[in-house]
Amino acid sequence: MELTGLHISFLVLLLLLFHLFSSLSFDVFSNQNDEDVNRSQYPSGFLFGTSTSSYQVEGGYLEDGKGLSNWDFFSHIQGKIVNNDNGDVADDHYHRFLEDIEIMQSLGVNAYRFSISWARILPRGRFGELNPSGIMFYNNVIDHLLLRGIEPFVTIFHFDSPQELEDRYGSWLSPLIQEDFVHFAKTCFENFGDRVKYWATINEPNLLSEMGYVRGWYPPAHCSAPFGNCSAGNSDVEPLIVMHNMLLSHAKAVQLYREQFQPKQGGSIGIIASSHMYEPLRDEETDQKAVNRILAFNLGWMFDPLVYGVYPPEMRKYLGNELPRFSLEETKLIKGSTDFIGVNHYSTLYATDCIHSACSSGSDHAIRGFVYTTGERDGIPIGEPSGNPEFFVVPEGMEKLMDYIKERYKNMPIYVTENGYAPPREESRQVEDLLQDVKRIEYHKGYLAALARAIRNGADVRGYFVWSLMDNLEWTDGFGTMFGLYYVDRQTLDRTPKLSARWYRNFLTNITAQNDASSSKKKISTITRSQNRGVQKY
């Protein structure tokens, strides 16, 4: 077909529109990354570290007296995890922890966040004996961290619990779990508290309630329509019960710590939430209210009780009597029961109102706050997509979330206990490409710059942890979603530093060389050609 002048003009217009679309799609990401960031922008004593969790990295399945955990049981059900992956071996951190601590030291981090496997130290919960081998393992980890100048930041519970508690009484659905959790926490304080100064009781109660009891994707795989098709569960009610029991378990553990251990051990204790930041889908009052509502149903669900002693009024308004109530005694117990706010933040989503507009996907239910969230507006992503379909690269969301927490919770101390990037699964799986992870570097630079701005604006942020030290089992996504600074060969389990590992080390040591990226690529090429693929450090 012969192109006329009109055709050519139309093609030029299309090219211009495509260029405009590309620049608008991810302009937050690119603009934020132009800002320089260095360690000197953060307060003295600020914790910079990496994070992992027991089930995702340890392995040592049923080894040395470890009991069966809920994730051990769940992961062996065909089809529950992508590629039927499981944590039987994971990254073999149970046997390679010394190598991994050497890696941390080479990065220059001053803190390491990890969790205790409940089933490793108490295989049957309070219904059985203490496992000395499990205690010895964590004592070795803690001692070797401290020898290298790295503070242990310990999460007591990070999703994995003894399967026996599920079998006996339904785990978090029963108030009986509170006694078990306090017993577990006390065991940790007694055996590790003389050296651990940072405790988080529970990782992401809000996410566990969502994934285990609304969607049914995590154990115990409870859900109901329209959220999923499970053999048991009630997605509208069970998450509220589970969160209630987790908050009371936390508060009772904190009371124990403050009365019996904190005066002598001198540590601090808090809890960790998962939280997106949100933007209104449309420039309308109803969508702005939807943003406020989803934040209350997410962060407020956890921290309003812990700071103020009551659930958010936004939740009470729409959930009514389905939302449990604290007794007067429980209110006294739970109010003020956290020394800090821990938050795992990765991304920002759009939020739109479902009270005055029709919504699908369960967003028209009270458990969702009558809010629908999405990563796109008119087909345009809110930020660059990543390896998680709900995670988009929006650095400014970090600053806004810190500001929100500062204002809602009287500027309590904040630790960002997870923040990280995984490349889209459809991108190259060649090792050389995975190691040259420029996008991960840009992600962390953008989010760290946003965090520094929040601190300058007065937010009392005291720590930042990269998720994750190394590629690991990303729960139901298996090993194919890779957040690590270090690549782990699934055959040999050898660790190889990615470009981001060198960048993080240079950031932590205030090295700013323009040609650092090219020198890193040369080093990575040498590593990948090497026949001796043992642990690699910077």
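Buried means under 20% relative accessible area. C354, at 7% relative accessibility, therefore counts as buried. The legends below describe close-up views of a predicted model.

**Figure 1. The C354–C359 disulfide is left-handed.** The sulfur atoms of C354 and C359 lie 2.0 Å apart and form a disulfide. The torsion about the S-S bond is about -90°, which means a left-handed link. C354 is buried, because its relative accessibility is 7%. The structure holds two disulfides. With the bonded cysteines of the protein chain numbered in sequence order, the pairing reads 1-2, 3-4.

**Figure 2. The C223–C230 disulfide is right-handed.** Here the sulfur atoms of C223 and C230 are 1.9 Å apart. The angle about the S-S bond is 105°, and the link is right-handed. C223 is buried, with a relative accessible area of 2%. C230 is partly exposed, at 22% relative accessibility. The cut-off for buried is under 20%, so C230 at 22% does not count as buried.

**Figure 3. A salt bridge joins E179 and R126.** The N to O distance between the two side chains is 3.6 Å. E179 sits in helix α9, residues 176–192. R126 belongs to the loop between α6 (118–121) and α7 (132–147). The pair therefore ties together parts that are 53 residues apart in sequence. R126 is partly exposed, at 26% relative accessibility. The structure holds 33 salt bridges.

**Figure 4. R408 and D304 form a buried pair.** Their side chains meet in a salt bridge, 2.9 Å from N to O. The pair links distant parts of the chain, 104 residues apart. R408 is in helix α15 (residues 396–408). D304 is in helix α12 (residues 285–308). Both R408 and D304 are buried.

Figure 5. Just after α15, K410 takes a positive phi of about 55°.

**Figure 6. K498 and D471 meet in a salt bridge between two loops.** The N to O distance is 2.8 Å. K498 lies in the loop between β17 (495–497) and α18 (499–508). D471 lies in the loop between β15 (461–467) and β16 (486–488). These are distant parts of the chain, 27 residues apart. K498 counts as buried, at 1% relative accessibility. D471 is buried too, with a relative accessible area of 5%.

Figure 7. Side chains of opposite charge can pair when their charged atoms come close.

**Figure 8. C188 is a buried cysteine.** Its relative accessible area is 0%. The cut-off for buried is under 20%, so C188 counts as buried.

Definitions and conventions:
Residues numbered from 1 in each chain as written. Predicted model: local features only at pLDDT ≥ 70, side-chain atom pairs only at ≥ 80, totals over all residues. Heavy atoms only, no water. Salt bridge = Lys/Arg side-chain N within 4 Å of Asp/Glu carboxyl O. Helix = DSSP H or I, 4+ residues; strand = E, 2+ residues; numbered from the N terminus. Buried < 20%, exposed > 50% of the residue type's maximum accessible area, 1.4 Å probe, protein only. Disulfide = S-S within 2.5 Å.
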